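The following briefing is meant to be read alongside the sequence and the coordinates.

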Amino acid sequence: MASIQINNLRKTYDGGVQAVKGVSIDIKDGEFIVLVGPSGCGKSTLLRMVAGLETITDGELFIGDRLVNTIEPADRDIAMVFQNYALYPHMTVYNNLAYGLKNRGFAKAEIGKRVRKAAEILEIGEYLERKPRQLSGGQRQRVAMGRAIVRDPAAFLFDEPLSNLDAKLRVQMRLEIRKLQKELGTTSLYVTHDQLEAMTLADRLVVLSGGEVEQIGSPIDVYEKPASTFVATFIGSPAMNLLPLSKDDNNWKLDNSAVVDVKLSTDLAELTLGVRPEDLVIEELSEKFDTGLHTALKVTAVEPVGAESYVHGTIGEGSVDIVVRAPGKLHFEPGQILKVTAKPDKLHTFDMLTGKRIELQGTLEIA
Amino acid sequence: MIERRPLLSFSSHVIMVIGIIAVALPVWITFVAATHTTERMLVSPLPLLPGTHFWENLKMVLFTQEFLGTTRAPVWLSMTNSLIIALSIAIGKIVISLLSAFAIVYFRFPGRMLFFWMIFITLMLPVEVRILPTFEVVANLGMLDSYWGLTIPLIASATATFMFRQAFLTVPDELLEAARLDGAGPLKFFWDILLPLSRTNIAALFVILFTFGWNQYLWPLLITTKTEMHTVVMSIKQMLEVAEAVPQWNIIMMTSLVAMLPPILVVVLMQRLFVKGLVESEK
């Protein structure tokens, strides 16, 4: 068990491409940190730098109290679970688990004890004599986890370990990984592009974009107070609606055209208003809020997903698409005009140029 | 293709039978000739059914040095020579190619691609093309009439290096990374992971290279003068060139028969691995 301290870590590839542009994260002992971001955001590179599989261009990396920048991966006291499991195909499950211990010179009896214990925790005891190709995807995933557990390392690194599993198994393994990590209390760094996986697993989320940290925080914090429009649209599904607003004679306008009924006290002349699909309410179905956002939505499509429906539509002159997430099975015709409203405390405001969140003081006035 | 047309299956069987006859007939004639006396082989028409002198001919071929007045190596000795040479060439080629492919695929060193292309370009220079300079080198090193001279110039192999390179490239990088995290150094990774994964490729190459070494003719002919260093393929040819005498077809054919056995054995014994090695892609 150990903390991991990432200080201003940078990675520049030979061609001059900057994959990681100065990332700092303090990971506490036993914490489960999820790195999340779209492909190419540098999350895997960052993880591989922690593992020692990529060299560090600049910055400092501490595991425990030890500076490990130039230490070999095997000597960093970490274990990694790979996306494609990376099991040794010619070895039995037992030998797959035992290989790292053998190389470290553990006694045979100790190896046997640890392998059996890990196999018991992961319920793969009956497969120990099988080869990886005789196992299903979920079982292979367990073996890959077992290989990390037997080593009893200071930290686990997960590189999108669930992305090769089918949807149902993914949900199940997600829960198990979470449970296991809590039981073992091992510091974990987990990379994923799946925001749902990130939300459910993390003690703290690190949202990355373009090699830089967009936001670090607990999943709920990140969801409720996204630090930028990038985080706002990346976390949450369907994504947060963003409305570009500009002020003209005290009236907020969308797209320089439609007047939007929203009361904001700010000196800014332009901003981006964010509102989550579930915070928009269709007036015909529910009560109308006196304050907040009021606008008209022209329905383009309705997607029923069972317990709720996603109503897609446009506002303004049809140039801004928004989604409303409403409970129940709804039927609206395309072209129908609906009035939608949102509570003032459900609105997010962002600087239009930088995309950063701005907290407006006493944001909304009563109409 | 699943079709039930009697005429089609009949004609395809006819074609297959013709093919089998074309391949098997020369072997059959060799076998038949090896079971008759020299006299019978000089009378027309040639026999098509086996005679009764098989063991007699076999004994004579294997152990007699006198052959129509000239001394030659008995076939058991030339067979041993061939075996040593074929094994050394096959094993030597595999070991060297494995190591050079390992270096080229897994290590970043200056001039890596240069070396790769240099090895690759030697594909264009088979033994026959560079035979004179190679002979000069081998002669200067005093390796004429020795197993060293017979094998070393044939061991360097671009083909096998290239094959192993391709095989190693299909091994996922994650496996190397997992091994690194498991504390395996480069040689341990090579020995514990890469070699077992290349098992079928090695077997396939062994079959091909053993046959290649066994069938060497020009190079042994050039650098051996002592009869006790002759290979079996050479002896067959020399039996045909006995001055002022009628070739002893029964003996020659028996020698051919015996010479065919080891490559056949290697192919039969390693066939399962051989086929796997050529078609398998899953790692």
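How much area do chain B and chain A bury between them? Chain B and chain A bury about 1,800 Å² between them, with 58% of it on carbon and sulfur atoms, where buried area is the accessible area (1.4 Å probe) that two parts lose on being put together, summed over both. This is a predicted model, in which local features need pLDDT of at least 70 and side-chain atom pairs count only at pLDDT 80 or more, while totals for chains, interfaces and linings use all residues. Residues are numbered from 1 along each chain as its sequence is written, chains are lettered from A and ligands numbered from 1 in the order in which they are written, and side-chain values use heavy atoms, with hydrogens and water left out.

**Chain A as a whole**

- Chain A holds eight helices and 20 strands, these being DSSP runs numbered from the N terminus (helices: H or I, at least four residues; strands: E, at least two).
- The C-alpha trace of chain A spans about 80 × 45 × 35 Å along its principal axes, and the accessible surface of the chain comes to about 16,600 Å², of which 48% belongs to carbon and sulfur atoms; such areas come from the Shrake-Rupley method with a 1.4 Å probe, and for residues only the protein chains shown count as cover.
- Of the 367 residues in chain A, 52% are buried, a class defined by a relative accessible area under 20%, with exposed meaning over 50% and partly exposed in between (1.4 Å probe, protein chains only).
- Among contacts in chain A between residues at least 6 apart in sequence, 66% join residues at least 24 apart, a contact meaning heavy atoms within 4.5 Å.
- Chain A carries 43 positive and 50 negative side chains, and the centres of the two sets lie 9 Å apart; Lys and Arg count as positive and Asp and Glu as negative, without His or the chain ends, and each charge is placed at NZ of Lys, CZ of Arg, CG of Asp or CD of Glu.

**Domains of chain A**

- Chain A is assigned domain 1 (4-230) and domain 2 (238-365), with bounds that come from an automatic or database domain assignment.
- The contact between these domains takes eight residues from domain 1 of chain A and 11 residues from domain 2 of chain A.
- The centres of domain 1 and domain 2 of chain A, taken over C-alpha atoms, are separated by 39 Å, and the two domains bury about 760 Å² between them, 51% of it on carbon and sulfur atoms.
- On the side of domain 1 of chain A, A:Y223, A:P226 and A:T229 supply 63% of the area buried against domain 2 of chain A, more than any other three residues.

**Interface of chain B with chain A**

- The contact draws 16 residues from chain B and 25 residues from chain A.
- In chain B, the residues that lose the most area to chain A are B:E174, B:L181 and B:D182, together 41% of what that side buries.
- B:L175, in helix α9 (residues 173-181) of chain B, is buried with a relative accessible area of 4%.
- Leaving aside neighbours within four places in sequence, B:L175 is in contact with A:A86, A:L87, A:Y88 and A:P89 as well as with B:F189, B:I193 and B:L197.

**Backbone geometry in chain A**

- Most residues other than glycine have a negative phi, and most peptide bonds are trans.
- The peptide bond from A:S237 to A:P238 is cis, with omega near -5°, and A:P238 lies in the loop between α8 (229-234) and β11 (241-248) of chain A.
- A:N8, in strand β1 (residues 4-12) of chain A, has a positive phi near 50° and is partly exposed at 36% relative accessibility.
- A:D77, in the loop between β5 (66-67) and β6 (78-81) of chain A, has a positive phi of about 60° although it is not a glycine, and at 37% relative accessibility A:D77 counts as partly exposed.

**Helix α3 of chain B**

- B:K59 lies in helix α3 (residues 54-63) of chain B and is exposed, with a relative accessible area of 60%.
- B:F54, placed in helix α3 of chain B, is partly exposed at 22% relative accessibility.
- Not counting residues up to four places away in sequence, B:F54 touches B:F31, B:A34, B:T35, B:M254 and B:L257.
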